[in-house]
Amino acid sequence: MAFAVPLRLSASVGWGRVGVCLPRGRRFSSKMGAEEMIDLCKKHSLWPWSAQKAVNPIPMERAEGVYFWDAYGKRYLDMNSQLMCCNIGHGHPKVIAAIKAQADTLTYAGPTMATQARAELVRELVRHTPPGLTRMFFTLGGAEANENAIKLARFYTGRNKVIVRYRSYHGATLGAISLTGDPRRWPTEPGMPGVVRIMDPDKYRSQLFREGEDTDETFAQKCLHEMEEVLKFEGPQNVACVFLETITGTNGIIIPPNGYLQGVRKLCDKYGIVMVCDEVMAGLGRTGQWFAVNNWSVVPDIITCAKGLTSAYLPLGCVLLSEKIAKHFDDKVFYGGLTYHGHPMCLAAATATLKVMAEEDTIGNAQRMGKVLSSLHQEMKQKHPCVGDVRSIGLFGCLELVKNRKTKEPLCPFNGTSPAVQEVAAYLRANGVYAFQHWHFLHTNPPLCITEPQLREGFEVIDKALSLADKHVA
């Protein structure tokens, strides 16, 4: 999808590159070459989640809609919305215009200020939040939102323990990484005390699920029974919150079975525990609903969101909380704050993003294209023996790659890699498809504005890449 950007002329301006307005007498510096860009970035950057010598970045130069281009001029289809965040696509002119307009008015206001940017965003966002989640605390990202959700739950209940899952990822700050179940937490341990882990409701790999015998509801009840057993051993009177990704993200797009989230809600109500749903990835349209919990008609006490809130045009996170929890702090101090809380530039970007989503039926497109994505997943599973399982909801999906369908042995070791998955990743990159590959999970999370021809274009390349992995199947 391409966006037409309106051009504005003024007597006080001149033109640099096409479509870019500059004050008279100023010109762009010469375009930086790809090699210079890479060399400078590698020399002076500390890259996340990487051994530095292994880093091989794409020199990304520009982006529009579902595509981006590197400094060599090569085009890539962005099948992961960068990091599951550019939900409305790249370079939308209405959001860019809103950011520019806010910069002309007010670039920063302290966290205790009331601003038009804040007022407009809360008015817009509350139109889409689940019933009762009408209070908001703004951060600069998902990890900060999760940190503050932990504090809110602990302050509100006066309890310490937090129930989380092993396949989760909640962010890289100390509290958020302590909640995280996957191996990214290992180097930071012992981390924050009070964290208790349970297993995920993963039908494909759970020892509790009996294929051909259990329904979703039966499996959900088994998982809930296990959760309640853990609560009893930990003492439910000690548990502040159950903290879950509504849908497990980077660790395999694990979609909860029907009855699971409803059951978690009942358990939390039974024991006076706060239910927190991390929707940093799953929220804001990704699943074909404004919030993923809407798929199961469940309202948690707290939702955290970020990424799609501004479509990553500027950094912003948010803690959505119930009026019941918010009222607790009417007469009690909330001990939390950030210098950039309620930053007007970020808030303006969020308001514009939400309006674009409503005006362009982004949610509806995610539902329609989600059906196409699901059918393409099934095609890949039928055609390629390396595909053990496929999972998707809306435009949130992945293919789980295996060496052996019968044993379900992953295509690479846990927390590792293999020549097979490296071949798949290299082929996709070489052929202009940018996809997120985490261990043996090949993610398919494109911008929500994607069209059916664009989806099929991406899967033509994925199809060929999977043929390479098939050679490694027993």
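Visitor: What is the handedness of the crossing in which α7 passes α8?

Guide: In this predicted model, α7 passes α8 in a right-handed crossing. A crossing is given that name if the near helix is turned clockwise from the far one by less than a right angle.

Visitor: Why is α7 called roughly parallel to α8?

Guide: The axes of α7 (residues 216-234) and α8 (residues 260-271) cross at roughly 25 degrees and come within 9 Å. Angles under 35 degrees count as roughly parallel, and the pair is therefore described as roughly parallel.

Visitor: Which residues make the contact?

Guide: From α7 come A220, C223, L224, M227, E228, L231 and K232, and from α8 come Y260, G263, V264, L267, K270 and Y271. By class, the contact of α7 with α8 has nine nonpolar, one polar and three charged residues.

Visitor: What makes α12 and α13 roughly antiparallel or roughly parallel to each other?

Guide: Helix α12 (residues 419-430) and helix α13 (residues 452-470) pack at an angle of about 155 degrees, and their axes are 8 Å apart. Angles over 145 degrees count as roughly antiparallel, so α12 and α13 are roughly antiparallel to each other. Their crossing is right-handed.

Visitor: Which residues of α12 and α13 make the contact, and how do they divide by class?

Guide: On α12 the contact is made by E423, V424, Y427 and L428, and on α13 by V461, I462, K464, A465, L468 and A469. These residues divide into eight nonpolar, no polar and two charged.

Visitor: Why do β3 and β16 stand at the edges of their sheet?

Guide: Four strands form an open sheet in the order β3-β4-β5-β16, with mixed pairing. β3 (60-64) and β16 (433-434) each have a single partner strand, so one side of each is left without a neighbour in the sheet.

Visitor: How do you know that β4 and β5 pair?

Guide: Pairing requires at least two bridges between two strands. Three bridges join β4 (residues 67-70) to β5 (residues 75-78), and these strands run antiparallel. Y67 stands opposite L77 in β5.

Visitor: Where is confidence lowest, and where is it highest?

Guide: The lowest confidence is in strand β1 (residues 13-15), at a mean of 27, and the highest is in strand β10 (residues 274-278), at 99. For the protein the mean pLDDT is 94, and 94% of its residues reach 70 or more. Over residues 1-29, pLDDT stays under 50, and the model has 42 contacts beyond four places in sequence for these residues.

Notes. Residues are numbered from 1 along each chain as its sequence is written. This is a predicted model: local features need pLDDT of at least 70, side-chain atom pairs count only at pLDDT 80 or more; totals for chains, interfaces and linings use all residues. Side-chain values use heavy atoms; hydrogens and water are left out. Axes are lines fitted to C-alpha atoms, for helices over the stretch in contact, and angles run from 0 to 180 degrees between N-to-C directions. Helices (H or I, at least four residues) and strands (E, at least two) are DSSP runs, numbered from the N terminus. Angles under 35 degrees count as roughly parallel, over 145 as roughly antiparallel, 65 to 115 as roughly perpendicular and the rest as oblique. Contact means heavy atoms within 4.5 Å. Ala, Val, Leu, Ile, Met, Phe, Trp, Tyr, Cys and Pro count as nonpolar, Asp, Glu, Lys and Arg as charged, and the others, Gly among them, as polar. pLDDT is the predictor's confidence in each residue, from 0 to 100.
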